[in-house]
Amino acid sequence: MDRIRIVGGNELTGTIPISGAKNAALPLMIASLLTDDTLTLENVPHLADVEQLIRILGNHGVDYAVSGRRERQGEGYSRTISFTARNIVDTTAPYELVSKMRASFWVIGPLLARMGEAKVSLPGGCAIGTRPVDLFIDGLQALGADIEVENGYAVAKARNNRLTGNRYVFPKISVGATHVLMMAATLARGETVLENAAREPEVVNLAECLNAMGARITGQGTSTITIEGVDSLSGARHRVIPDRIETGTYAMAVAMTGGDVLLEGARADLLQGALDVLSRTGAEIIPTNSGIRVLRNGSGIAPVDVVTEPFPGFPTDLQAQFMGLMTMSKGKSKITETIFENRFMHVQELARLGAHITLSGQTAIVEGVSKLKGAPVMATDLRASVSLVIAGLAAEGETVVNRVYHLDRGFERLEEKLSRCGAVIERISG
Ligand SMILES: CC(=O)N[C@H]1[C@@H](OP(=O)(O)OP(=O)(O)OC[C@H]2O[C@@H](n3ccc(=O)[nH]c3=O)[C@H](O)[C@@H]2O)O[C@H](CO)[C@@H](O)[C@@H]1O
Ligand SMILES: C=C(OP(=O)(O)O)C(=O)O
């Protein structure tokens with residue numbers, strides 16, 4: 001199994017190109033199931049999760065063709081991919097494929113909408129909490145689906161073979177359930193109103209793509225999304241937004257090591273809340289025409305308390321990285337996780353590097369130390385893994401991050417991007 005070796009202590013200076021967002025690309029790819037025409041997506045990141053979803057979609061009959069890469073960049077960077085689901089050959093998404101990735105469960109929405117039936121294994125994904133699917137089931141039932149959970153599968157059928165629009169109030173904000181109900185409602189009979197919907201930029205990116213395919217969606221980016229069902233959708237060409245979590249991750253790396261980096265292609269409006277928090281730690285954040293410039297000089301890192309919240313609040317997907325940064329702050333900070341009940345697996349690993357963190361329920365108290373020291377650590381989930389990389393970049397001496405396959409799910413060419421900015425970081429294969 002691959003490992004990442006880091007020798008910490010260098011400032012980061014240079015340019016890091018920001019890739020297309022994993023969490024936008026995945027639902028956009030799934031939207032290709034809604035039409036027999038071709039959906040072309042630009043800026044699709046080259047990640048393990050994307051490759052896995054290509055396999056899952058292929059099982060349903062989706063063909064794909066890679067037609068372009070980013071200019072000036074080689075193999076392994078964001079690409080343009082066309083997806084065509086001319087015929088859906090199978091409405092079952094089997095355990096072997098779905099168990100590896102949470103988002104693969106989301107095929108249930110388009111399959112049900114287009115084919116009137118779906119049988120989808122209950123999902124896997126990062127081990128950060130129980131992650132139930134009750135909201136998906138509830139919401140799809142509100143649109144007229146009969147759903148049973150049998151032998152680890154959600155088995156769904158649309159009454160009279162077509163979903164029916166309805167008003168559905170999410171009892172809790174869910175990004176995935178918002179994606180799924182929005183996709184399902186595009187082909188339903190009549191109007192659907194989703195209340196307390198997720199406002200994340202990835203939901204907006206998906207709604208805009210669906211509208212380009214002929215859907216009638218309004219209100220995306222607010223808590224109330226209205227979808228007027230249509231009889232069929234067509235193909236479209238659409239661009240995946242830049243990854244706000246990758247952006248925030250590298251911004252935190254610079255805030256921790258010091259230096260001056262341009263996050264090329266990043267959009268500040270996608271993560272303003274997190275950037276405001278970073279400014280309060282002492283980092284300088286300068287939005288420019290070509291991206292976001294992040295600088296920090298020698299004045300140290302100020303402690304800042306954060307609470308994770310749905311968008312536009314501080315994202316849970318940056319919580320681990322922010323904790324990494326706070327381990328070297330000049331004081332005490334409080335980090336409260338409200339989205340997932342078990343998203344503190346990085347705490348004990350950061351402690352191996354010398355961090356002082358105590359946990360009390362859903363809150364971590366981080367007592368900043370003046371230096372971290374390199375150590376072997378274990379990556380436990382995607383964002384926890386990258387928090388260890390950030391801490392390793394700032395720690396004295398050698399850090400080896402084991403089990404890096406988690407990182408490959410969500411970070412495109414991480415070692416290359418960081419080493420181009422002066423980090424000593426390499427992948428050790430095998
Ligand atoms: C591929 C992708 O885009 N993943 C993101 C997505 O995950 P995902 O869509 O899985 O996260 P949700 O927004 O659905 O989860 C929010 C909360 O709702 C709960 N819940 C969700 C569904 C349900 O049926 N019942 C229920 O109780 C979850 O357990 C969690 O406590 O949004 C999360 C929150 O921003 C991010 O951390 C993930 O990176
Ligand atoms: C939790 C994440 O992914 P997933 O929802 O696919 O597990 C993530 O992207 O941080």
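**A walk through one predicted chain**

Good morning; I would like to begin with one residue, Gly 14, which counts as partly exposed because it has 16 C-beta neighbours inside 10 Å. Residues are numbered from 1 along each chain as its sequence is written, and chains are lettered from A and ligands numbered from 1 in the order in which they are written.

Gly 14 sits in strand E2, residues 12-17, where strands (E, at least two residues) and helices (H or I, at least four) are DSSP runs numbered from the N terminus. Leaving aside residues up to four places away in sequence, Gly 14 touches Val 261, Arg 420, Cys 421 and Gly 422; touching, or being in contact, asks that the C-beta atoms of two residues, placed from the backbone, lie within 7 Å. Thr 281, by comparison, is 267 residues from Gly 14 in sequence, and their C-alpha atoms are 21 Å apart in space.

Let us now step back to the whole protein chain. Its secondary structure comes to 14 helices and 24 strands, and 52% of its 430 residues count as buried. Its C-alpha atoms fill a box of roughly 65 × 45 × 40 Å along the principal axes. The radius of gyration of the protein chain is 21 Å, which agrees with the value near 22 Å that a compact globule of 430 residues would have; the radius is taken over C-alpha atoms, and the globule rule is 2.2 Å times the number of residues to the power 0.38. Among contacts with a separation of 6 or more, 73% join residues 24 or more positions apart.

How is the protein chain divided into domains? The assignment gives domain 1 (3-15 + 243-428) and domain 2 (23-239), with bounds that come from an automatic or database domain assignment. Their C-alpha centres lie 30 Å apart, and 17 residues of domain 1 are in contact with 17 residues of domain 2. On the side of domain 1 that touches domain 2, helix H13 (residues 405-410) gives the largest share, three residues, and that side divides into six nonpolar, two polar and nine charged residues. For these classes, Ala, Val, Leu, Ile, Met, Phe, Trp, Tyr, Cys and Pro count as nonpolar, Asp, Glu, Lys and Arg as charged, and the others, Gly among them, as polar.

Next comes ligand 1. Which residues come nearest to ligand 1? Of the 20 residues around it, these are Asn 23, Leu 135, Ser 174, Val 175 and Gly 176, where being near means that the C-beta atom, placed from the backbone, lies within 6 Å of the molecule. The shell holds 10 nonpolar, five polar and five charged residues, and both domain 1 and domain 2 supply at least three residues to it. Helices H1 (22-31), H5 and H6 (175-186) each give at least two.

Is H1 mostly covered or uncovered? It is mostly covered, as 10 of its 10 residues are buried, including Leu 26 and Ile 30. Lys 22, also in helix H1, is buried because 26 other C-beta atoms lie within 10 Å, and Asn 23 is buried with 24. Beyond residues up to four places away in sequence, Lys 22 touches Pro 45, Leu 47, Asp 49, Asp 243 and Gly 410.

Arg 102, in the loop between helices H3 (95-98) and H4 (108-115), is partly exposed because 18 other C-beta atoms lie within 10 Å. Pro 132, in the loop between strand E7 (117-121) and helix H5 (134-142), counts as exposed because it has 10 C-beta neighbours inside 10 Å.

How values were computed
This is a predicted model: local features need pLDDT of at least 70, side-chain atom pairs count only at pLDDT 80 or more; totals for chains, interfaces and linings use all residues. A residue is buried if 20 or more other C-beta atoms lie within 10 Å of its own, exposed if 12 or fewer, and partly exposed in between; C-beta atoms are placed from the backbone.
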